Amino acid sequence: MAATAGQVAFAMEAFRRIHPVEFQRRFLSQETRHDGRAFGQFRATQVVKGTISSAQGSSTVRIGDTTVVCGIKAEVCEPDVRRPDEGYLVTNVDLSPMCSARFRAGPPGESAQVASEHIFRLFSGHVVDLRELCIESGQAAWVLSADIVCVRHDGNVLDAAIIALMAALEDLALPRATLDAGAVTADRSATTRLTLRRRLAPATFTLVDDAYLVADADDAEEQLATASLLVVLDGDGRLANVWKRGAGAIGRADIARCIEAAAARISATGE
Amino acid sequence: MATNIMDRRRINGPARSVEPLYGPGAAGADPFAGGRADGRGLDQVRAIYMKTGPLSGGQHEPSESAASGSAYYEQGRVRVSCAVYGPRQGRRSNARMGVFDCEFRYAPFACSWKRRSHVRGADEKEISLMLEHAVAPAIRLEAYPKACIDAFVTVIESDGKAATIAAAINCISAALADAGIEMYDSVAACSMGLRGAQWVADCCQAEEDAAPCSMLIAHMPSADEVTYILQHGKATPEQTDQAVQTCTNMCTRVYAVICRCLQASLE
C-alpha cells in the first residue's frame, strides 16, 4: 500500500523529533541541508530602517526566520573624567524567553553576554567616533544606548545583531544639542547624522557535526555545531574581525574560503 | 533621570544619564484642540494590523525551540509581539488545573519619554499580573492538568499606557488561538480616556496625559462576559457606568477584527 503524502510528512516529522542528529546527517551526507539550501548559501536577509518612532535610530533585520529589532535611545550624561571629549556607545543584546524556549527569564544568559561584549568591542571606537558624541568638553556628552532585542531566534543571531546595529546607526538622527546654564537643550527639528568610520558586514560559518562547514546555520544546525567562524569585513573588503569559537577544527584553507565567501556575499547583497 | 544599576552581565553606560530638554514644543498644549491630532472620531479605535504565527510558523518546519503559537499586533503606533509556549511542563503545577503564566516586558526603547532600565520594573510585574487575570478566564485550564502555558509579551513600541495593555491582551488572545489552546472565547480589550464629560476611545500618549481618567476593559463578546476592568483617575459613577457600556461595545468591534485575522490565517 502506497503511503499518502500526509503519512510521509508525519513520518518525517517524527523522525526529525526523535533522531534530530541522524535527521540532519541524512541531508548533510547528500551535500544538501534540511531546508534545501546548498552548504555555502545564506538565507534571504531583509533590513528595514526607522521602524520605531520612540527611538532616535532603529532597524529591523530578518535573516530567514531570525528576527531582531535594534533601537537606539540618545540621552545626555557627564563624560568620563579620563576622556572628557568622548561620549558613550552602550550595546546590549537581549535574548528573551519570547524568542526561543532555550532562554530563561531574568538577567542575560551566557550567550547574550558574549554577544553583547563582542559587539561592543567591534563597534565602540571603531565604527562610531566617540568624540562626535561630545556636546561640551568635560561637561556633557551623548550616551547612545543601543538595545538589540531578538524577537525570533532561528540561528545566526550574531550576524543579525551586527547588521541591525549598523543599520540603526545609519538611521540615527541626533538632535542638535547645546549646553546653557547647566542644562542641555536639544532641538528636534535640526538633526545630524553620525559619520561612521567603516561599514561592517558580517558572515557566519558553522561546522556542523564536526564535518560539514555551512554558511548561515539555522537553529537546528546550530544544535549540532562543534565550531563556528564569524568573519566581519568592512566596506573596502578589509577584515575587521575574525572570530572562531568551539573546539572543532576548521582548516586554514577553509578559513580562507570563508573569508572569500563573506566578501562574495557582501558584493551580492550590495551592502 | 535614569540611574543605571551596574550589572556585570551587561555592558554598562555612565552611572547617570538624562533625557535632554526638548525645546518648548507641543508639551502642555491641548491635544484635542481642533479635533484629534490624527483626525479620528472620538469613538474610533486606531487602525489594527494583526498577524498570527510570525514567531512560530515559517516556510520550513519550525525548530523545536520555536513557540507553540505567536502573534504580532499593531494598533496605530502601539506594537506588541507575543509568543505562547505550551502546554508544557512548568515550574508551578497543579494536579487539577493548568497554570497560565504571563510575562510582560517593554523593550528598552519602547517608550517615547525615557529609556527603560534593563531591570524589570514594578509596573511590568503589575501589568503581567493584570494580563494573567484578564486572559486566564477565557482558557479552559481544566483541560490541561499539571501543565503550564506561558505567554511572553514584548512591547516594541508604546503609545498610550492603557492602549498598550489592551493591545497586549488582544495579542495574547490571538497567540493562544494560534497555539491551539482550548478557549471559551477570545478576549478583546479596549481602552478609553475621559475628556470633559466625553469618553474618547483608544487614547495615544499625549491624549492620555491630558485625560483625568482612563478606563480599560477586557471582554469576551460571544460569552458576553467582562474579564477585567481597570479605571484610573476621577469620574462620577454615572460616567463610569457609561464607560463600561461604550467600552464593551468597542471591544466587540475589536473582536470582529481579531476574528477576521484568525480566520484569514487558517485559509
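The structure is a predicted model.

In the interface between the two chains, 49 residues of chain A are in contact with 39 residues of chain B. On the side of chain A that touches chain B, at least two residues each are supplied by the helices α1 (5-18), α3 (110-123) and α5 (219-222), and by the strands β3 (66-77), β4 (88-95), β6 (140-152) and β8 (183-192). Sorted by class, this side of chain A comprises 22 nonpolar, eleven polar and 16 charged residues. Strand pairing also links the chains: β8(A) and strand β3 (residues 21-22) of chain B run parallel and are joined by two bridges. Within this arrangement, A:Ala186 stands opposite B:Tyr22 of β3(B).

For chain A, the UniProt record (an unreviewed entry) places the feature "domain: Exoribonuclease phosphorolytic" at residues 41-175 and 203-264. In the span 41-175 of chain A, the end C-alpha atoms lie 41 Å apart, and the content is 21% helix and 37% strand. In the span 203-264 of chain A, the corresponding separation is 10 Å, with 27% helix and 42% strand.

Two packed helices are described by the angle between their axes and the distance between the axes. In chain B, the axes of helix α1 (residues 122-135) and helix α2 (residues 161-178) come within 10 Å and cross at roughly 50°. The two helices α1(B) and α2(B) are therefore oblique to each other, and their crossing is right-handed. From α1(B), the contact involves B:Ile127, B:Met130, B:Leu131, B:Ala134 and B:Val135, while α2(B) contributes B:Ile165, B:Ala168, B:Ile169, B:Ile172 and B:Ser173. By class, nine nonpolar residues and one polar residue take part in this contact, with no charged residues.

Chain B also contains an open sheet of four strands in the order β10-β9-β11-β12, with antiparallel pairing. Its edge strands, β10 (198-201) and β12 (225-233) of chain B, each pair on one side only. From one strand to the next, the twist averages 25°. Six bridges connect strand β9 (residues 188-195) of chain B with strand β11 (residues 213-220) of chain B in the antiparallel sense; B:Met192 has B:Met215 of β11(B) as its bridge partner. Helix α2(B) lies across β9 and β11 of chain B and runs at about 165° to β9(B). Helix α4 (residues 237-266) of chain B also packs on the sheet, where this helix touches β9, β10, β11 and β12 of chain B. The direction of α4(B) makes about 140° with that of β9(B).

Technical notes:
Residues are numbered from 1 along each chain as its sequence is written. Chains are lettered from A and ligands numbered from 1 in the order in which they are written. This is a predicted model: local features need pLDDT of at least 70, side-chain atom pairs count only at pLDDT 80 or more; totals for chains, interfaces and linings use all residues. Two residues are in contact if their C-beta atoms, placed from the backbone, lie within 7 Å. Ala, Val, Leu, Ile, Met, Phe, Trp, Tyr, Cys and Pro count as nonpolar, Asp, Glu, Lys and Arg as charged, and the others, Gly among them, as polar. Two strands pair if DSSP finds at least two bridges between them. Axes are lines fitted to C-alpha atoms, for helices over the stretch in contact, and angles run from 0 to 180 degrees between N-to-C directions. Angles under 35 degrees count as roughly parallel, over 145 as roughly antiparallel, 65 to 115 as roughly perpendicular and the rest as oblique. A crossing is left-handed if the near helix is turned anticlockwise from the far one by less than a right angle, and right-handed if clockwise. UniProt positions are given in the numbering used here, feature names are shortened, and annotations may be inferred rather than shown by experiment.
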